[in-house]
Amino acid sequence: MDDHFTWAFGYCAARGYGHPVAATTPPALWFDVGKPDQAGRFILGNVSGEAAADAFAAVAASHIYVDIAAPRDAILPHIPPRWQPRDAMWLMATDAIMPAALPTPGFAIEVDESTDRFEAVARHGDGSLAARGVLGIHGGTAVYDQIVTEAAFARRGLGSAIMAELGRRAVARGVTTCLLVATADGKALYERLGWTLRSDIVSVISPPGRPHP
């Protein structure tokens with residue numbers, strides 16, 4: 001399966017959305033999100049600019065995200081007027097063994113586990129939330145999502161500690177590969193942790209003022 005499609009299944013598990021389903025118009029995976037600013041999302045995988053243009057033309061509703069795993073310069077010229085490209089993102093991968101995190105004295109990590117989703121929370125000794133992260137599992141692949149450290153607790157290794165604990169538990173579930181979609185803020189950090197680039201991710205939002213699906 002295309003890494004982008006595999007990511008979509010794990011991402012939906014992490015976010016608590018329903019499983020993606022095959023769509024024909026456009027040909028893609030689709031999953032419902034149900035938010036006012038994001039009705040749902042098409043995942044096209046690695047397609048050409050021309051195929052992306054056909055997909056954009058097939059979308060008739062507002063607030064639909066269309067994501068493509070292809071170079072931005074191949075896709076951006078095909079975006080229709082009034083559609084909004086999101087900031088640059090990258091699909092990244094690594095094996096399931098996360099680098100060992102440095103000790104984080106004064107903080108405790110708690111993990112809530114379900115069949116296909118882990119949520120880890122780091123709390124300071126006074127009980128305040130310091131960092132969190134979520135991991136969704138699809139088969140032998142884990143998808144990391146929403147790895148966030150509160151500003152007051154930045155630069156203490158908590159994000160790495162969250163990822164290491166999630167990874168340890170994912171390995172115990174038989175996970176062998178990990179994926180995530182990184183923004184510009186996170187890309188350099190993940191590269192330092194041994195993640196490698198698989199592709200650009202171009203994400204575009206259909207304009208408001210259209211009927212909802």
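This is a predicted model: local features need pLDDT of at least 70, side-chain atom pairs count only at pLDDT 80 or more; totals for chains, interfaces and linings use all residues.

Visitor: Is C12 buried or exposed?
Guide: C12 is buried, because its relative accessible area is 1% and buried means under 20%.

Visitor: And C178, buried or exposed?
Guide: Buried too, since C178 has 0% relative accessibility.

Visitor: Switching topic: how many aromatic pairs are there?
Guide: The structure holds nine aromatic pairs. One of them is F107 with F153, whose ring centres are 5.6 Å apart.

Visitor: Why is that pair of F107 and F153 called edge-to-face?
Guide: Because the planes of the two rings are at 90 degrees, and planes over 60 degrees apart count as edge-to-face.

Visitor: Where do those two sit in the chain?
Guide: F107 is in strand 7, which covers residues 107-113. F153 is in the loop between strand 10 (141-149) and helix 4 (158-172). They are 46 residues apart, so the pair links distant parts of the chain. Both F107 and F153 are buried.

Visitor: What about the rings of Y144 and W195?
Guide: The rings of Y144 and W195 have centres 5.7 Å apart and planes at 85 degrees, so that pair is edge-to-face. Y144 belongs to strand 10, while W195 is in the loop between helix 5 (184-192) and strand 12 (196-205). The pair therefore ties together parts that are 51 residues apart in sequence. Y144 is buried, and W195 is as well.

Visitor: Which residues do ring pairs link into a cluster?
Guide: W7, Y11, Y17 and F31.

Visitor: What sits over the ring of W90?
Guide: The charged end of K187, 5.3 Å from the centre of the W90 ring.

Visitor: Last one: where does A188 lie?
Guide: A188 lies in helix 5. With 37% relative accessibility, A188 counts as partly exposed.

Visitor: And how far is A188 from A172?
Guide: Their C-alpha atoms are separated by 28 Å, and the two residues are 16 residues apart along the chain.

Definitions and conventions: Residues are numbered from 1 along each chain as its sequence is written. Side-chain values use heavy atoms; hydrogens and water are left out. Buried means under 20% relative accessible area, exposed over 50%, partly exposed in between (1.4 Å probe, protein chains only). Rings of Phe, Tyr and Trp (its six-membered ring) pair if their centres lie within 6.5 Å; planes under 30 degrees apart count as stacked, over 60 as edge-to-face and the rest as tilted. Helices (H or I, at least four residues) and strands (E, at least two) are DSSP runs, numbered from the N terminus. A charge sits over a ring if NZ of Lys or CZ of Arg is within 6 Å of the ring centre and within 35 degrees of the ring normal.
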